[in-house]
Amino acid sequence: MFIMCYKKWTIYFLFFLSLTTSFTEKIYAQDRQPSMRVALTGKYPPFSYYDKDGELAGFDVDISREIGKYLNRDVEIIAAEWDGILAGLLANKYDAIIGSMAITPERAKAVNFSLPYYQSGAQLFVHRDNPSKIYGINECNDKKIAAVLGETYQRYLDEKYPNIDVVTLKSSVEIFELLEAKRIQGFVSDRLVGSWQIKSADRPFVPVGPMLYAEDIAIPVRKQDKKLLEQINNALMQMRSDGTMQKIHDKYFGLSSKTADIGSQMSQSVIIKKLAKGFIVTLSIAFASLLIGFVLAIPCGLILNQSTGKWKLLYWPVRTIIDFLRGTPVLIQLLFAWMGLGLSPYVAAIGTLGINSMAYMAEVIRSGLMSVDPGQTRAGRALNLSKVQIFRFVVWPQAFRVAIPSIMNSIVALTKDTALVAVISVAEVIREAQAIISVTFEPSKYYFIVAVMFFVITFPLMKMAGVLEKKIRQKGFVQ
Amino acid sequence: MIEIHDLSYKYPGSKVNALHDINVKLPPEHVFAILGHSGSGKTTLLNCIAQFLRPTIGKVTIDGQNIATIDKKTIHSIVGVVFQKLNLFPHLTVMKNMTLAPINALGIPEKQAQKSAMEMLEKLSIADLAQRYPLQISGGQAQRVAIARALMLQPRYMLLDEPTSALDSQTTSDFAEWLTELQEETCFIIVTHDLPFAQQVASHGIFLQDGVMKTEGNIQEIIDQQTASV
């Protein structure tokens with residue numbers, strides 16, 4: 001019975017692996033196209049956001065496409081998190097950032113900036129009702145003022161106004177929501193970004209005080225990519241002289257601009273499609289990681305159970321690796337695999353979550369093996385069974401049954417951990433939800449939907465773990 | 001015939017011998033008893049005979065052949081063992097407990113193994129237990145199943161370690177009767193501290209004390225001697 005179940009599960013696993021592999025390869029193949037890879041956040045409207053069809057759009061997207069035309073290269077736009085966007089450039093995840101990045105001396109030490117493609121500046125915005133009576137940055141002491149983590153505004157506020165309670169968030173969209181709910185007193189952002197929110201998204205914000213400072217927005221590339229920098233500069237100059245730049249500027253910020261389709265809602269079908277696509281990616285990553293984790297956990301669990309004897313040479317290396325994996329944050333491991341080892345986002349995600357779940361499941365399997373009475377092995381020997389047969393027919397089935405509830409819990413934990421891979425720009429369900437939120441401005445609704453999607457998967461698993469545990473206790477495998 | 005020659009055994013790290021200079025012949029035609037109080041070395045001797053322990057000095061022979069030279073894969077077809085804790089496989093039914101070794105160790109086809117297991121169970125009057133799990137049957141039934149499982153390999157000798165330790169007096173008495181019926185086909189070597197039980201089933205035996213063989217011979221004589229010394 002057990003063997004049949006085992007075989008059946010193996011077939012399921014292989015099936016899912018093949019699905020995931022082909023899916024990953026497809027995305028990976030797209031990554032490899034000889035095009036110019038450009039990064040932006042997709043969460044900075046009107047510079048970058050997802051349009052009603054769920055496609056990336058905005059001022060920066062148009063600039064990228066135009067530069068591509070001048071360079072005669074295809075442009076592949078990659079959505080990345082702002083706080084890791086420069087590290088991603090240095091790790092060769094993309095060739096340039098066309099994401100409204102301001103030139104700063106610190107950044108210029110690490111990368112080369114193109115000529116500026118627009119000028120903007122830092123502006124303080126507060127709620128229209130202005131409950132805290134703030135009319136300038138000097139009245140913000142002890143007030144909660146938000147900025148995006150890693151943006152120049154955050155540094156500026158920290159350095160110039162140490163008495164302001166600076167709240168840092170991952171994206172502008174979250175900041176707008178907080179101010180609308182009056183949970184913060186204001187935010188500092190690009191004046192164009194804030195103004196656009198007032199104009200197009202009908203946000204109840206007002207700019208207060210003069211512009212804090214002006215900044216030049218440009219395109220960073222890696223120091224060694226001198227030729228690319230020159231090409232981009234040439235393209236920018238041509239775009240300025242032939243009027244293309246002005247046209248794009250007018251489209252988004254011109255007085256007569258209809259601002260194309262900005263601000264119009266994504267259709268319900270696009271939203272469903274995006275969430276479904278993201279969820280399939282999430283589940284595929286979870287299944288592939290689980291398969292890797294489980295297959296590796298069995299030998300590792302066996303080795304962990306053999307601190308003496310002929311396997312003891314392997315014991316300490318395996319013990320150390322597993323302790324390290326369990327003792328360090330998965331997020332750091334993900335970032336290390338992605339940027340440190342230079343793996344593609346999908347390989348980094350599946351690999352990291354796979355070996356991480358291996359570490360947890362190996363411990364579970366070890367304790368399962370330990371729970372099997374040594375008398376069972378002796379009985380196997382007394383019945384002339386070989387070592388392999390004793391393991392396969394006697395020890396493993398008992399150890400596995402004892403381990404099943406904990407393995408189920410590891411599966412639940414792994415499924416939830418897939419949420420972290422959004423950070424390394426994998427287009428899973430959370431990232432898709434963030435993209436939807438950046439145009440629909442309904443974070444509570446879509447985060448709740450995503451939570452429910454996870455729950456639909458994890459709840460049966462948790463229930464199943466409970467039922468199996470009860471059954472195992474009834475059969476007397478554990479006391 | 002199993003013969004034990006000058007056998008001593010010392011556990012690793014221990015300073016004293018658990019068994020010291022044991023010499024005995026176990027005739028194949030009887031139920032033979034290895035008697036002694038707790039800690040006297042009875043189970044150690046059983047483990048040496050069953051090859052779970054290698055004697056420090058001396059040897060065990062079966063029909064003249066040193067047991068250490070017999071292929072490990074076949075030794076337990078000659079000498080079957082039933083442990084004190086029985087060690088039935090809790091995840092398998094009685095039937096599967098019985099057919100696991102014939103199918104996998106002897107390569108007997110599953111159907112044939114099931115047929116002979118059923119015959120064995122019928123012979124031992126426990127056929128109704130075939131589809132039960134070990135934790136669903138009583139201690140006395142489990143004892144019989146463990147012996148039936150070991151008999152499936154048709155060993156010439158069968159070692160039973162403290163077979164009555166978990167049985168009440170009525171079940172012990174039933175078990176003794178049941179065992180007597182089986183001794184025609186298999187030679188039983190019983191390790192026990194239960195003298196009345198030994199008296200009921202065995203004809204000959206030895207008495208161990210502190211790892212040394214005190215007496216050997218007719219079971220009644222051994223018991224009389226022990227009773228007299230107490």
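Author: Gladly! Let us start with E9(B), which is joined by six bridges to strand E10 (residues 212-218) of chain B, the two running antiparallel. Strands here are DSSP runs of E with at least two residues, numbered from the N terminus, and two of them pair if DSSP finds at least two bridges between them. Within this pairing, B:Phe207 stands opposite B:Thr215 of E10(B). The hairpin of E9(B) and E10(B) has two residues between the strands, and B:Asp210 takes a positive phi near 50° there.

E9 (residues 204-209) of chain B also pairs with strand E3 (residues 32-36) of chain B, this time in parallel and through five bridges. Here B:Ala33 has B:Gly205 in E9(B) as its bridge partner.

Residues are numbered from 1 along each chain as its sequence is written, chains are lettered from A and ligands numbered from 1 in the order in which they are written, and side-chain values use heavy atoms, with hydrogens and water left out.

Chain A averages a pLDDT (the predictor's confidence in each residue, from 0 to 100) of 84, and 89% of its residues score at least 70. Over residues 1-7 of chain A, however, pLDDT is below 50, and this stretch has seven contacts (heavy atoms within 4.5 Å) beyond near neighbours in sequence. Where pLDDT is low, the predicted coordinates should not be read in detail.

Conventions:
Predicted model: local features only at pLDDT ≥ 70, side-chain atom pairs only at ≥ 80, totals over all residues. Helix = DSSP H or I, 4+ residues; strand = E, 2+ residues; numbered from the N terminus.
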